[in-house]
Amino acid sequence: MIIIGEKINGAIPSIKQAIAEKNEGLIVERTIAQANAGAAFLDCAPSTATEIEYETMVWLIGLMQGCTDTPLCIDSPDANLLARIIEEDHLKRPGMVNSVNEEGTKCETIFPLIAGTDWEVVGLTCDQEGIPADPVKKVEIAKRIIDKAVKYGVELNKLHIDPCVMALATMPSAMSDFAYCIENIHAYAPEVKVTGAISNISFDMPARKYVNMNCMAYAIAAGLDSAIMDPCSDAMMGTIYACEALRMTDKGGRKYNRAYRKGLFGKK
């Protein structure tokens, strides 16, 4: 499982406050914690007002790269801002772009820049009409994004399609819809990875961690490749390691036992 650490995001109240107050210590602390917990990429999402988003992202990139070598996932709804960050070489190493979708020309802006490079990219299953509720429509959008990636020469194993996990509280079929998308995206393009912001499914539910843990288990069984989540969550990391052992992708539970001994989830 490829873990994309979600904790440096201006949509989180504590990070929003840290950005406003230029609290470098909290940003650095959360960055190091996620890297040490096993994240493969670290989300860098200012989620600020448009007029300060560029400067804020550059500031965050500097702080995060100053304390870890873990690649960053630059995250913004503005494809032109993401392109500028890449073109100006603010990153020490290629990471991940989050995100493109079928709204406007986002694919056409980002794909030519990252084709033939080590950059990875997230594609959201939404278009000019927003996020469809129908999983069939989500898969149709995913196919269009995949076809554009092929057209522009982006390696499909560097494309992560995010089917936009819905909230169980408002959509009872949220989990089965997510699994449908995972399975059908893989059927269309096996090389493509499928990702998701797992905690979305538990929005407005009590005891959210249990919903998240079981969503993760079901999604892994359906073929989930990566996840946007909190790598410092014992419950979520324990679920991932246990699922990998049970499905024999971690034969003999070696990773599970090694993670347990290192204290990466739960208490010894």
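Look at Trp-59: Lys-22 lies over the face of its ring, 4.9 Å from the ring centre. A charge counts as sitting over a ring when NZ of Lys or CZ of Arg is within 6 Å of the ring centre and within 35 degrees of the ring normal. Arg-84 does this too, with its charged end 3.5 Å from the centre of the Tyr-54 ring.

A word on what you're looking at: this is a predicted model, where local features need pLDDT of at least 70 and side-chain atom pairs count only at pLDDT 80 or more, while totals for chains, interfaces and linings use all residues. Residues are numbered from 1 along each chain as its sequence is written, and side-chain values use heavy atoms, leaving out hydrogens and water.

Tyr-54 and Arg-84 turn up again where helix 3 touches helix 4. Helices here are DSSP runs (H or I, at least four residues), numbered from the N terminus. The axes of helix 3 (residues 50-65) and helix 4 (residues 79-87) come within 11 Å and cross at roughly 45°; axes are lines fitted to C-alpha atoms over the stretch in contact, with angles from 0 to 180 degrees between N-to-C directions. The two helices are therefore oblique to each other (under 35 degrees is roughly parallel, over 145 roughly antiparallel, 65 to 115 roughly perpendicular, the rest oblique). Contact means heavy atoms within 4.5 Å, and helix 3 brings Glu-53, Tyr-54, Met-57, Val-58 and Ile-61 to it, facing Leu-81, Leu-82, Arg-84 and Ile-85 of helix 4.

Further along, helix 8 (residues 208-222) and helix 9 (residues 234-246) have axes that come within 9 Å and cross at roughly 25°. That makes helix 8 roughly parallel to helix 9.
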